Amino acid sequence: MAQPGKPIDPMHQFEVQKLVDLQFFGRDLSFTNASLWMLIAIGVITLIMVYGTARRELVPGRLQSLAEMAYEFVASTLTGATGKDGMQFFPLVFSLFMFVFAANLLGMIPGSFTVTSQIVVTAAFAVLVIGVVVIAGVIKHGTHFFGLFVPSGVPAPILALMVPIEIISFLSRPVSLSLRLFGNMLAGHIVLKAFGGLAVMLLGAGAWAALAPVPLIMAVAVTALEFLVAFLQAYVFTILTCVYLNDALHPGH
Amino acid sequence: MRLVTALMIAAVLTVPALAAGDGGGHRFPPFDARTFPGQIFWLILSFGALYLLMSRVALPRVGAVLEHRRETIDGNLRAAEAAQKQAEAAAQAHEQALAKARANAQAIAQEARAKSAREIDAKRQGVEQDLARKMIAAEQAIAETKAKAMEHVGDIAREAASAIIEQLGGKKPTAAALNKALGAAAGE
């Protein structure tokens, strides 16, 4: 939000602002706009998934159709990547997809806060996913899980090179997983704000106002693109989660 | 599910401690570590609630609804298939009955035709025999009448000859002379 007298700050929209001050264990756990939009996200998801399916209709209404579509979409993504036994992770993958998707879309509301544009949030999700992958892999396959880092049928001297590469690539997964979502959401919203701000500035710059429609049209186009990105990034996050879970279920190349 | 819950609890205990690095001044907001503990805390709270709601309530419910629908559709399809088979069987039975009835009708018609032909034949034969008998009787009657007529011819001739002679000669010829003369005439 541009305050009067201040230059338009595209970063302002990412600022976490305290709504209710809360201090626990000597830490600042205040209820902020970030917390608010997290709760709104789960509220929207709960509305669709719990309220929408409350009547359990054989011929679904609108909300139930939406809930079923989401269910089947995530289920087919998960079973497509991991097979039938991946369904034990379905609640986790479904919650992740819905949360990220809802947060991305809610972030498109002007004046709202984009939960997924905070690196701490995306990093937490990435750590959760990789944590589940590692722990589930070790529980299911024991030390055999670490065969993931040892490609089969490779001679020993090359293994010495391959294993570190495999380990690095595995460790970079949470980094890329979190940075991809964070970067996309952050950059998209900055671009939106920049074009919007440019249009406003041009309007206030005398004869230059004639050029104001150009950034406005760009802002409209980028808004459409951002809706696509909102879905696409949620989907990419989900399918990569599925692919990583597949490693936990079926390690070995 | 327990695994995820345990991970969340571990995270809520450790991450704020890791992210406790403090600093001041104006920063790039997403990298402002002061907001991390609060965000992590609320994220774990809200995502944990979402996970519980989804795994305990929403997903089993949607799964059950989809399963129920699949079963209903399958059941209806099976019923429809059975009904179709039944209908086909009924149609076949109907066709068979129709064919049988047609064959029966043909047999009855043929029999009736044969029977009536026989009856007509018998009647005609009877009539023909009757006619033949009558014809024979009529021929006999004609022959009798003819014979009788022929018998009377002699008498008539004699009477006529006797009358002619009586008229011509004025004298009735004797029966013997008459018979002799007539016999000679018949003999010529």
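Visitor: How many residue pairs are in polar contact between chain B and chain A?
Guide: This is a predicted model. The count takes pairs in which both residues have pLDDT 80 or more. Between chain B and chain A, that gives eight residue pairs.

Visitor: Which helix of chain B gives the most to the side that touches chain A?
Guide: Helix 1 (2-18) and helix 2 (36-169) of chain B each supply at least two residues of that side. One of them contributes 27 residues, the most. That is helix 2 of chain B.

Visitor: How many residues on the side of chain B that touches chain A are charged?
Guide: Nonpolar residues number 28 on this side. Polar ones number nine. The charged ones number two.

Visitor: How many residues of chain A are in contact with chain B?
Guide: Contact means heavy atoms within 4.5 Å. Chain B brings 39 residues to the contact. On the side of chain A, the number is 51.

Visitor: What area do chain B and chain A bury between them?
Guide: The size of an interface is often given as the accessible area lost when the parts come together. Here 80% of the buried area is on carbon and sulfur atoms. In chain B, Gln39(B), Trp42(B) and Arg61(B) lose the most, together 17% of what that side buries. The area that the two chains bury between them is about 4,000 Å².

Visitor: Which side chains meet in a salt bridge at 2.7 Å, N to O?
Guide: Side chains of opposite charge can pair when their charged atoms come close. Over all chains, the rule counts 12 salt bridges. Across the interface of chain B and chain A it finds one. The side chains that meet at 2.7 Å are those of Arg69(B) and Glu68(A).

Visitor: Which parts of chain A does the salt bridge of Lys18(A) and Asp28(A) tie together?
Guide: The closest N and O atoms of Lys18(A) and Asp28(A) are 3.1 Å apart. Lys18(A) lies in residues 18-20 and Asp28(A) in residues 27-28, so the pair ties together parts 10 residues apart in sequence. Those parts are strand 1 and strand 3 of chain A.

Visitor: What pattern does chain A follow along the sequence?
Guide: Chain A has six helices and four strands. Read along the sequence, the pattern is β-β-β-β-α-α-α-α-α-α.

Visitor: How far apart are the end C-alpha atoms of helix 5 of chain A?
Guide: Helix 5 covers residues 156-203, which is 48 residues. At 1.5 Å a residue, the helix should span 70 Å. The end C-alpha atoms agree with that, at 67 Å.

Visitor: Where does helix 5 of chain A bend by about 30°?
Guide: A proline, Pro174(A), follows the bend within four residues. The bend itself is at Ser172(A).

Definitions and conventions: Residues numbered from 1 in each chain as written. Chains lettered and ligands numbered in written order. Heavy atoms only, no water. Expected span 1.5 Å × (residues − 1). Bend = angle between axes of the 7 residues up to and from the residue. Buried area = accessible area lost by both parts, 1.4 Å probe. Salt bridge = Lys/Arg side-chain N within 4 Å of Asp/Glu carboxyl O. Polar contact = N/O pair within 3.5 Å; in protein donor to acceptor, adjacent residues only side chain to side chain. Nonpolar A, V, L, I, M, F, W, Y, C, P; charged D, E, K, R; others polar.
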